[in-house]
Each structure stands twice: as C-alpha cells, then as structure tokens.
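Me: I would like to learn how to read helices, strands, cores and aromatic pairs in a structural model. Could you take me through them in turn, with the general idea before each case?

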Amino acid sequence: MKKLKESELILNPDGSLYHINLGPGQLASKIILVGDPQRVSLISKHFDTVEYRTENREIHTHTGMLNNVRISVMSTGMGPDNIDIVMNEIDAVVNIDLNTRQPKARHTGLEIVRLGTSGSLQSDIPVDDFCMATHGLGMDGLLHFYRHSNVNEQEIADAFIRQTDWPHELAVPYVVKGSGRLAEMIGSDLHQGITITAPGFYGPQGRSLRLETAYAGLNDRITAFKHHHHRILNFEMETSALYAMGRLLGHQTLTVCTILANRVTGSYSHQPKRSIEKLIKLVLERLTQQG
C-alpha cells in the first residue's frame, strides 16, 4: 500500500489530524455536523455524558453518549471548502493508520447527518418547517476535483443546466444522492427534495447589497426547475460537498435543515433559536434510536 507523505497527510505533534485535532478513538461512528461552533454545545448539552472535547479554529468537536449510543457533534464552519477538509480528515481518523500512514485494509463506514439552517426556494415551504435533502445539487464544483464515476446523477444535472440556461462561466453543476437509509430513519415525514449548495451567501444566492449580481432571474429559474418528481427546495452552502465526499469515501450522509428564510415570500423566522432547538431534538432522537 502507498505510504502517504507528511505534506499530504498532515498530523499535529500529538498525532491528531491537522485541522480537526482528532485521533483514533475520539470520534463516534454517528456524527452530527453543524456550521456554527456555538451550536456544538447546544447539541451536546442533550448528551447523557461527554467524554471528549476539542476545538481548533472553527472546528469544535464533542463526543459522548446519548441513549446508550456513542455520538459526536462537530462544527465545520461555512462552505464546501470546509466540508472538503472535514470529510477527508474524519475519514482519515477511521480509515488510515496514522502510524504507518497507509490506508487500512478494512473500511469503516460512518453515519453523518448535517443539521443546518437554510432558505426556502418554494412558496409552499414556510419558515420554521424542516427540509430533508434527497439530493445535493452543487454550484461549487468540488466533486469535479475528484474521480467520480457513477456518483454524479447526470440526468438531473443535465436537466438543471438546460432548464436554468446555466451560465458557462460558472462551475459545472453536479448532483449527488444522500443516504436512503438515513433518510428513512430521520426524514420520512419532512419536506423532501433537492437542496442546492452555493459557494457563497450573497451573489451566489442572488443577494445584492452594493454589488450587482451577474445573472438576473437565475433564482427564479432555480425555483421553477422540475425533473420528473424532483424540485429544488432550499439554498444552503454545504450539502452537495457533504454528499459528494460521503459517496466517494463510503459513508452514509444526510442533511436536514430548518427553514429560517423564505426567498420567494421574503419572510424570515421570528423564532430562529426555537426552530433550531426543535430540529436538534428531532435529529438526536431519531439518530440514536435503537433497533
């Protein structure tokens, strides 16, 4: 097997992964990802016990027990680039021997659920409702930096490019399916559809403060997209990268979001903290259920 160079697999002096500051045994096989570091403690306060805490930059991790199930919660910060870092490094914790710097012969699969906030792109999905992403549609281009045979749902991606008259100057969109098993466990009674992932919060999501956006009407075309039973429910900044890396690395991934803004009606949640807390309790209950 290939031994990974020090410049490729970067470790801290204590042997932990460079960005996430975790080593073998410090991460559970069930993981909740959040963007905001402050949200980590909002989730771990529900744990029965917390055995391990670490933080580095915007990446904070708590590992503990809930309902006799070992579970970790980790913040990623915002954006597909951070997901690329976090997913590669949590995979390395369980699937690379950090002493020999070689991939392990036996693969360990993880269950990873992103718990996020997002903006609805459909008028019939109001603020404070919950959405589950059956697919992540990436505007970010991350998947194309990896060999990805049979990962991209090319038919949906092609239909999206066609229907939105996608500008050729932008990254080629890709579509990756989330975990069916986790979807059945966690999101069967939630709004279900495609989540579109943007590489930014303002221009890439059609917001304009002092800078004029380049593609007028693009959000309207995204909202109008339909392919068979598929439609795009919401905007956020991580799901396509999470699903892409999960599929490539052999992990089960799912995103569930609370809707804080409706981009069609222009409304915003009057109780965002309460909405987030309800989603936290729902995900924890369903992710740790036995049997």
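Reply: Please keep in mind that this is a predicted model. Let us begin with helix H2 (residues 80–95), whose 16 residues reach 22 Å from the first C-alpha to the last, close to the 22 Å expected at 1.5 Å a residue.

Me: How many of the residues of H2 are buried?

Reply: In H2, 13 of the 16 residues are buried, so the helix is largely enclosed by the rest of the structure.

Me: What span should helix H7 have, and what is the distance between its end C-alpha atoms?

Reply: H7 (residues 272–287) has 16 residues and, at 1.5 Å a residue, should span 22 Å, which agrees with the 22 Å between its end C-alpha atoms.

Me: Which residues of H7 are buried?

Reply: The general idea is that an α-helix has 3.6 residues a turn, so residues three or four places apart point the same way. In H7 the buried residues include Ser275, Ile276, Leu279, Ile280, Val283 and Leu287, and also Glu277 and Arg286.

Me: How should I read a strand, and which strands pair with E7?

Reply: In a regular strand the side chains alternate between the two faces of the sheet. Strand E7 (residues 111–120) has nine of its ten residues buried, so it is largely enclosed by the rest of the structure. It runs parallel to strand E1 (residues 30–34), to which four bridges join it, and there isoleucine 32 stands opposite valine 113. E7 also pairs with strand E13 (residues 252–262) in the parallel sense over ten bridges, with leucine 115 opposite valine 256. With strand E12 (residues 230–236), by contrast, E7 pairs in the antiparallel sense over two bridges, and serine 120 has asparagine 234 as its bridge partner.

Me: Which residues have the most contacts inside the largest nonpolar core?

Reply: That core has 58 residues, and those with the most contacts inside it are Ile20, Ile32, Ile43, Met74, Ile90 and Val256. Setting aside residues up to four places away in sequence, isoleucine 32 touches, among others, Ile43, Met74, Val113 and Leu115, as well as Val283, Leu284 and Leu287. A second, separate core has 17 residues, including Ile156, Leu218, Ile222 and Phe235.

Me: How many aromatic pairs does the structure hold, and how is such a pair described?

Reply: A pair of aromatic rings is described by the distance of the centres and the angle of the planes. The structure holds three aromatic pairs. In one of them, the rings of phenylalanine 160 and phenylalanine 225 have centres 5.6 Å apart and planes at 75 degrees, so the pair is edge-to-face. It links distant parts of the chain, 65 residues apart, with phenylalanine 160 in helix H3 (residues 154–163) and phenylalanine 225 in the loop between helix H5 (218–224) and strand E11 (226–227). Phenylalanine 160 is buried, with a relative accessible area of 0%, and phenylalanine 225 also counts as buried at 0%. Phe160, Trp166 and Phe225 form one aromatic cluster.

Me: Are phenylalanine 201 and tyrosine 202 buried or partly exposed?

Reply: Phenylalanine 201 is partly exposed, with a relative accessible area of 40%, and tyrosine 202 counts as partly exposed at 41%. Their rings form an edge-to-face pair, 5.0 Å centre to centre with 80 degrees between the planes. Arginine 207 lies over the face of phenylalanine 201, at 3.9 Å from the ring centre.

Methods: Residues are numbered from 1 along each chain as its sequence is written. This is a predicted model: local features need pLDDT of at least 70, side-chain atom pairs count only at pLDDT 80 or more; totals for chains, interfaces and linings use all residues. Side-chain values use heavy atoms; hydrogens and water are left out. The expected span of a helix is 1.5 Å times one less than its number of residues. Buried means under 20% relative accessible area, exposed over 50%, partly exposed in between (1.4 Å probe, protein chains only). A nonpolar core is a set of buried Ala, Val, Leu, Ile, Met, Phe, Trp, Tyr and Cys residues joined through side-chain atoms within 4.5 Å. Contact means heavy atoms within 4.5 Å. Rings of Phe, Tyr and Trp (its six-membered ring) pair if their centres lie within 6.5 Å; planes under 30 degrees apart count as stacked, over 60 as edge-to-face and the rest as tilted. A charge sits over a ring if NZ of Lys or CZ of Arg is within 6 Å of the ring centre and within 35 degrees of the ring normal. Two strands pair if DSSP finds at least two bridges between them.
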